[in-house]
Amino acid sequence: MSGGVWMIGHPLLNLLIGLAMGLNLLALGSSRLPSIIRAMSVQGMLLGLMPLLLESANLDWRIILVVLATIVGKGLVIPGLLRRAMRAANIEREIQPFLGYVPSLLLGAGGTIAAVALARALPLMPEHAGSLLVPGAIASVLTGFILMIGRVRAISQVCGYLILENGIYLFGLLLIHSTPLLVESGILLDVTVGVFIIGLIVDRIQRAFDSLDTRKLNTLRE
Amino acid sequence: MTAAPLLLVAAGGMVLGILIGRMTPRLWLMVTLVSVIAGFAAGAMVLGGGNEWEWRSAFLVGGEPLHLRLDAISAFFLVLLCVIGGAGAVYGHGYWSKLAHPRSVRSGRLWWSVLLSSLGAVLLVSNGLHFLIAWELFTVSAYFLVTLDRQRSEVRAAGWLYLGASHVAMLCLFAFFTLLAVRTGSWELGSMRDRSELAPLFWLALVAFGLKAGMFPLHVWLPSAHANAPSHVSAMLSGVTLKIGIYGLVRFSGWLPVPPEAGWVVAFLGVTSAVLGVAFALGQHDLKRLLAYHSVENIGIILIGLGFALVAMGQDNAGWGRLALAGGLLHVWNHGLFKSLLFFSAGSVLHSTGTREMSQLGGLWRMMPWTASLFGLGAVAISGLPPLNGFVSEWLIYLGLFDATLARGPSAWMAIPAAILLGMTAALALACFAKVCGVVFLGAPRSQAAAHAHESGPAMRGAMVLLGAACMAIGLAPVVFWSAVVRAVDVWNPVWTGAATSDHAWPVALSELGLFHVALAVLALVAAVWLWRRVRRGSFSRALTWDCGYALPTPRMQYTAGSFASIITEWFAWILRPVRHEHRPETLFPQSASFTSHTPETVLEYVITPVTEIVMRVSRAARSLQHGRLQFYLLYLLIGLAALAVVVLLGGGK
């Protein structure tokens, strides 16, 4: 696989996606919650910039609105809410994850390589063949899954979910011409409200049970 | 005049009955009786030569237009439904009274009305979807009737088993009707004999309707449901709802093409049900459970008739098939009548003594002469003895089997053993009812309850007398009912209409049989009067029967239900698997000794239960996948997605 193939078309875009994939690994490898949140928020802002590059030929006010909303939402509001929840719950670190940091890092790296390899096997449209969009999306979804499966703190799982959502957003960029912007903004709003509610719940759970270990929250399984 | 106004009255009465069933018992009984009489008249009109009634409406039920049809086959079963439904309502009025059952008497009336109307709907509808709706309604209302006395745990267990088994049948019916609808493009039902690609659907219908009819080995739900239901409900279950299973088989084997081997299978299952049903009956010590196993036997006899009719249809519509089916259908009526009579009488015994255990009964004929003699009448009828109705229908089936034998060919090889086994069944049934009558009604009472029994009230006796009279009517004047049966048979296979050369011979033969029966009945009556007069004159002395020289014979030294039948149950030990508990006397002066035996539900306990246990074990293992850990649920998701991706990438998704 030569790197040159991927730079055709959108070199800057591929650079951004490459950065996002690196942030995935950062999130997987770190044990401190603030750094996971930071990785996620930077990734959200990078993704927010992408429509600008993709639509640089015909920019209009709606695209700029979406770009601004995504950057503010994913980059500032959601991480802010999570930090607040983290402070309320008074936790800084992930403890005793199901999956250690090194194994999850290895899995994530393997997944990223596999995603890049896999994307060539997928029946993509010719104009997408040269971009890192699809491998980046798959890698982010995988990272999100690994975080959600491997961690026991509710807040790290929320971060995992948000990275997974970022992956889906990347997929969505493939369809930027056919997806109404209203849908995009709707998804963004949903995620924000979801995180807002999770922040409240985390606070309540912490007060009621004095723990945020999701392994202990299995009484209602039936 | 057509059947329409009568059916309208019947339907209106039923709706009114459902509405007022919870409140006014007398008015409910009157409305129900008017309704069943109207329904009976409508059925009798069609059977008596009137036109078929068919009604298509634009009114949609569940998205399908309503389509009702009353042809001779529907009418044949409708008449039975109305007779038993009416008699059961009257009987239940006395049997399930407010005094004895304050908690359930109101819902008993309500569900009785629902059951009658849904059964009527099953018989009349001509649309697969509506058939399913009516069928489910009938299943559920029968469940509530079976579990009227649901304070008792064995009643709840029986009801649960019934509900489970019924829904297995329901599942098959769903498959049957949807496949039929897919292949024909419509839910409409009707004759489609020429579409041979529909033939394999018959097997689904056989399982579903056979399960409902109590065909061996699908009868597992039947004994406990019939034994634990209130007796008027047992009569209804045994007399009518089992026959609705037969109705389904007759209806759809008449409308749809059947696979060539269907007749052989049905006949084989019929013979199996008949012989094993009576064998299991012999092993029972519970009066109502014994009667329930006789239902399996009689369903077998009916299936023999239907099976040979199917065989005959596959062999150039040989005329003997017509006789076999006529016998089978007439046996539907007959079994409905005498089995309901027997359940009513058993209920009367239960009502007055409070027990169904035959080992607790005995000597009841002195206290309950009506019940005893009507039970005796039913016993003679079910054993297929002349001059009653059981003999007439079995005679017709025998004639069909003999003709099949004379016709040579492969059918003869099946007909000969079938005829022999049918004869054996009747003989075993006779032995079984000799046991019941002897143990329950003769001898000395075995318990205080039996010693203080009393005759039941006029409502219960009236219903029993009505059914007894109907049994005698079919026995003494069979030719009257022949035309009705033939009409139903000719609807089943129109090719037979007028084709059979013996069209005029059978009424003559039947009227001769009727004359013979009348003569026999008169002789029996004369003998009875003569004996009674001798008893009255007192020209003999009363004494104990020979008591083996015991100094102090007690009622416990009588033959029990188990010992009376033990020789015959030994023959069938390979399938009955009787369980004995012996505690032999040991020393010279033994302190205690005991012996009990019982017959388990072989199929249920040795086949169904182990299978369900395996299913439960697998399900429990699967449940441990659900442990409440979110992380692992996500892992399942990921694995599932990865598997899908692999399938797609390998090209399996195309």
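The mean pLDDT of chain B is 89, and 98% of its residues reach 70 or more, where pLDDT is the predictor's confidence in each residue, on a scale from 0 to 100. What we have here is a predicted model, in which local features need a pLDDT of at least 70 and side-chain atom pairs count only at pLDDT 80 or more, while totals for chains, interfaces and linings use all residues. Residues are numbered from 1 along each chain as its sequence is written, and chains are lettered from A and ligands numbered from 1 in the order in which they are written. For the complex, the predictor gives an ipTM of 0.78 and a pTM of 0.80.

Chain A averages a pLDDT of 79, with 87% of the residues scoring at least 70. Over residues 1–8 of chain A the pLDDT is below 50, and this stretch has seven contacts in the model beyond near neighbours in sequence; a contact here is a pair of residues whose C-beta atoms, placed from the backbone, lie within 7 Å.

Let me stay with chain A for a moment. Chain A has eight helices and zero strands, where helices are DSSP runs of H or I with at least four residues, strands are runs of E with at least two, and both are numbered from the N terminus. Of the 222 residues in chain A, 38% are buried, and by buried I mean that 20 or more other C-beta atoms, placed from the backbone, lie within 10 Å of the residue's own, whereas 12 or fewer makes it exposed and anything in between partly exposed. Among the contacts in chain A with a separation of 6 or more, 77% are between residues 24 or more positions apart.

One helix to look at is α3 of chain A, residues 33–54, which has 22 residues and reaches 32 Å from its first C-alpha to its last, close to the 32 Å expected at 1.5 Å a residue; the expected span is 1.5 Å times one less than the number of residues. The buried residues of α3(A) include Leu33(A), Ile36(A), Ile37(A), Met40(A), Leu47(A) and Gly48(A), and the buried residues of this helix pack against α2 (11–29), α4 and α7 (154–174) of chain A. In general, an α-helix has 3.6 residues a turn, so residues three or four places apart point the same way.

Which residues does Thr70(A) touch, leaving out those up to four places away in sequence? Thr70(A) touches Leu47(A), Gly48(A) and Leu188(A). Thr70(A) sits in helix α4 of chain A, residues 61–89, and counts as buried because it has 22 C-beta neighbours inside 10 Å.

Now to chain B, whose domain assignment gives domain 1 (260–535) and domain 2 (603–649), with bounds that come from an automatic or database domain assignment. The centres of these two domains, taken over C-alpha atoms, are separated by 50 Å.

Helix α9 of chain B, residues 231–255, has 25 residues that should span 36 Å at 1.5 Å a residue, and its end C-alpha atoms are 35 Å apart, which agrees. This helix, α9(B), bends by about 35 degrees at Leu237(B), the bend being the angle between axes fitted to the seven residues ending there and the seven starting there. Because 24 of its 25 residues are buried, α9(B) is largely enclosed by the rest of the structure.

The bridge partner of Arg56(B) in β2(B) is His67(B), and in the hairpin, which has two residues between the strands, Gly62(B) takes a positive phi near 60 degrees.

Lastly, some backbone details in loops of chain B. A cis peptide bond joins Phe216(B) and Pro217(B), with omega about 0 degrees, and Pro217(B) lies in the loop between α7 (201–213) and α8 (222–228). Another cis peptide bond joins Pro386(B) and Pro387(B), with omega about 10 degrees, and Pro387(B) is in the loop between α14 (369–382) and α15 (389–406). Arg577(B) has a phi near 50 degrees, a positive value in a residue other than glycine, and its place is in the loop between α22 (573–576) and β3 (579–583). With 13 other C-beta atoms within 10 Å, Arg577(B) is partly exposed.

Note on methods. Contact = placed C-beta atoms within 7 Å. Pairing = 2+ DSSP bridges.
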